[in-house]
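Colleague: I am new to this structure. Can you walk me through it, feature by feature?

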Amino acid sequence: MNFHTRKWVKPEDLNPNGTLFGGTLLRWIDEEAVIYAIVQLSNPHVVTKYISEINFVSSAKQGDIIELGIVATHFGTTSITLACEVRNKITRKTILSIDKLVFVNLNENGIPAPHGKTEITYAYMSIDTLPNKDNKD
């Protein structure tokens, strides 16, 4: 699982117990997961269909840096299934895990549509295409 997104837990993210509010964390997960699905399916028209049991393992507190890990586990005809883990960046302690998040690929009319994908793909940028900081152009 790759951990790309990091969040800093701030005072406005806390519940009355002084720990990260679960609803805020779920919003962050849904946003990260749909972005992952959009990139994998090459389509900005993707919606959340299903989220399985959410396992809150430990809590995060103000000042913690957490990271969200997402990986595709299954490609359906019109859907993609992901798994998610959230952990403390410093201690690596798991905060939350979700075994199954399902997103559906839609056409321009909002109807589920085949996406034609069967495996994880990433857009790689060649080192040769990176801007040259020494170039005065």
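Colleague: What is the mean pLDDT of the chain?

Modeller: The mean is 90, and 88% of the residues reach 70 or more. Among the elements, strand 6 has the highest mean pLDDT, 98. Strand 1 has the lowest, 91.

Colleague: Where does pLDDT stay under 50?

Modeller: Start with the general idea. Where pLDDT is low, predicted coordinates should not be read in detail. Here, pLDDT stays under 50 over residues 123-137. For that stretch the model has one contact beyond four places in sequence.

Colleague: What span should helix 1 have, at 1.5 Å a residue?

Modeller: Helix 1 covers residues 22-41, which is 20 residues, so it should span 28 Å. Its end C-alpha atoms are 28 Å apart, which agrees. Just after helix 1, Ser42 takes a positive phi of about 55°.

Colleague: Which residues of helix 1 are buried?

Modeller: Among them are Leu25, Trp28, Ile29, Val34 and Leu41. Glu32 and Gln40 are buried too.

Colleague: What do the buried residues of helix 1 pack against?

Modeller: They pack against strands 1 (2-8), 2 (46-51), 3 (54-56), 4 (65-75), 5 (79-88) and 6 (94-105).

Colleague: Take Ser79, in strand 5. Why does Ser79 count as buried?

Modeller: Buried means under 20% relative accessible area. Ser79 has 16% relative accessibility, so it counts as buried.

Colleague: Which residues does Ser79 touch?

Modeller: Leaving out residues up to four places away in sequence, Ser79 touches Val102, Phe103, Val104 and His115.

Terms used
Residues numbered from 1 in each chain as written. Predicted model: local features only at pLDDT ≥ 70, side-chain atom pairs only at ≥ 80, totals over all residues. Heavy atoms only, no water. Helix = DSSP H or I, 4+ residues; strand = E, 2+ residues; numbered from the N terminus. Expected span 1.5 Å × (residues − 1). Buried < 20%, exposed > 50% of the residue type's maximum accessible area, 1.4 Å probe, protein only. Contact = heavy atoms within 4.5 Å. pLDDT = per-residue confidence, 0-100.
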